[in-house]
Amino acid sequence: MKLSNLIKEVQIPTDHYILIEYDLFFNEDLGKFNKFSIDDPSDIKKLTLLINGLKTQDEAMKLYVLSYSYETVDYKGNESIYADCLWLDTTTGIDAMDKMFEAYKSIQPSGMSHLKEMEEYNQEHFYLLNSMGAVIDLKRTHSAEHDFENVKILYWD
């Protein structure tokens, strides 16, 4: 399912965090309906290469794009979803990720941190939009599969 279609179908309060499966966000809609703070196509390719490198180090890694509001309107009146943050549920440490980004200066995040050290960790809901068209409240379906202890946040501003 396309993210643009899924967004039209779901009703999530815009004051809640919305996590989107990485592959659902970074697809053919990127730059049209889905907008990420890194907008240069060559830099997006670099980010994809780096993410694939992380996946080879931790095959169990879960990767999400975080949006604070699932619908924005640009100056032309076009609706879109905007994100500037990735959540990586991984055992790979922040220091190791930071070293990987050293080779990609143009896409280095402005910040990296552990979710459990941030105020956001205590949010009541983390809604996940997945490629099957489902909306899952990860906080309500807390299980070993959605243990937030290993989540690292990468933020671009």
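**View 1. Thr-90 sits in the loop that joins strand β6 (85–89) to helix α4 (94–101).** Helices (H or I, at least four residues) and strands (E, at least two) are DSSP runs, numbered from the N terminus. This is a predicted model, in which local features need pLDDT of at least 70, side-chain atom pairs count only at pLDDT 80 or more, and totals for chains, interfaces and linings use all residues. Residues are numbered from 1 along each chain as its sequence is written, and side-chain values use heavy atoms, with hydrogens and water left out. Is Thr-90 buried or exposed? Thr-90 is buried, because its relative accessible area is 2% (buried means under 20%, exposed over 50%, partly exposed in between, with a 1.4 Å probe and protein chains only). Leaving aside neighbours within four places in sequence, Thr-90 is in contact with Asp-58, Met-61, Asn-150 and Lys-152 (contact means heavy atoms within 4.5 Å).

View 2. Look for the backbone nitrogen of Thr-92, which lies 3.0 Å from a polar atom of the Thr-90 side chain. Thr-92 counts as buried because its relative accessibility is 8%. Which residues does Thr-92 contact, leaving aside its neighbours within four places in sequence? They are Leu-54, Gln-57, Asp-58, Met-97 and Lys-152.

**View 3. Here is the largest nonpolar core, with 30 residues.** A nonpolar core is a set of buried Ala, Val, Leu, Ile, Met, Phe, Trp, Tyr and Cys residues joined through side-chain atoms within 4.5 Å. The members that touch the most other members are Ile-20, Phe-25, Phe-26, Phe-36, Leu-47, Val-65 and Leu-86. At least two residues of this core come from each of α1 (3–9), β1 (17–21), α2 (22–25), α3 (41–57), β3 (62–67), β5 (79–83), β6 and α4. Helix α3 supplies the largest share, five residues. Another core, of 13 residues, lies apart from this one and includes Trp-87, Leu-115, Phe-126 and Val-151. In soluble globular proteins, nonpolar side chains tend to be buried together.

**View 4. Leu-86 belongs to strand β6.** Leu-86 is buried, because its relative accessible area is 0%. Not counting residues up to four places away in sequence, Leu-86 touches a list of residues including Tyr-22, Phe-26, Phe-36, Leu-47, Val-65 and Trp-156. Lys-152 is also one of the residues that Leu-86 touches. Leu-86 and Lys-152 are 66 residues apart along the chain, and their C-alpha atoms are separated by 8.2 Å.

**View 5. Helix α3 has 17 residues.** From first C-alpha to last, α3 reaches 25 Å, close to the expected 24 Å (the expected span is 1.5 Å times one less than the number of residues). Which residues of α3 are buried? They are Asp-43, Ile-44, Leu-47, Leu-50, Ile-51, Gly-53 and Leu-54. These buried residues pack against α2, β2 (34–36), β3, β6 and α4.

**View 6. Asp-43 and Lys-46 meet through their side chains in a salt bridge.** The distance is 3.4 Å, N to O (a salt bridge is a side-chain nitrogen of Lys or Arg within 4 Å of a carboxyl oxygen of Asp or Glu). By this rule, the count comes to one salt bridge. Asp-43 and Lys-46 are separated by about one helical turn because they are three residues apart in helix α3. Asp-43 is buried, with a relative accessible area of 13%, whereas Lys-46 is partly exposed, at 30%. Side chains of opposite charge can pair when their charged atoms come close.

Conventions
A polar contact is a pair of N or O atoms within 3.5 Å; within protein, one must be able to donate a hydrogen and the other to accept it, and residues adjacent in sequence count only if both atoms are side-chain atoms.
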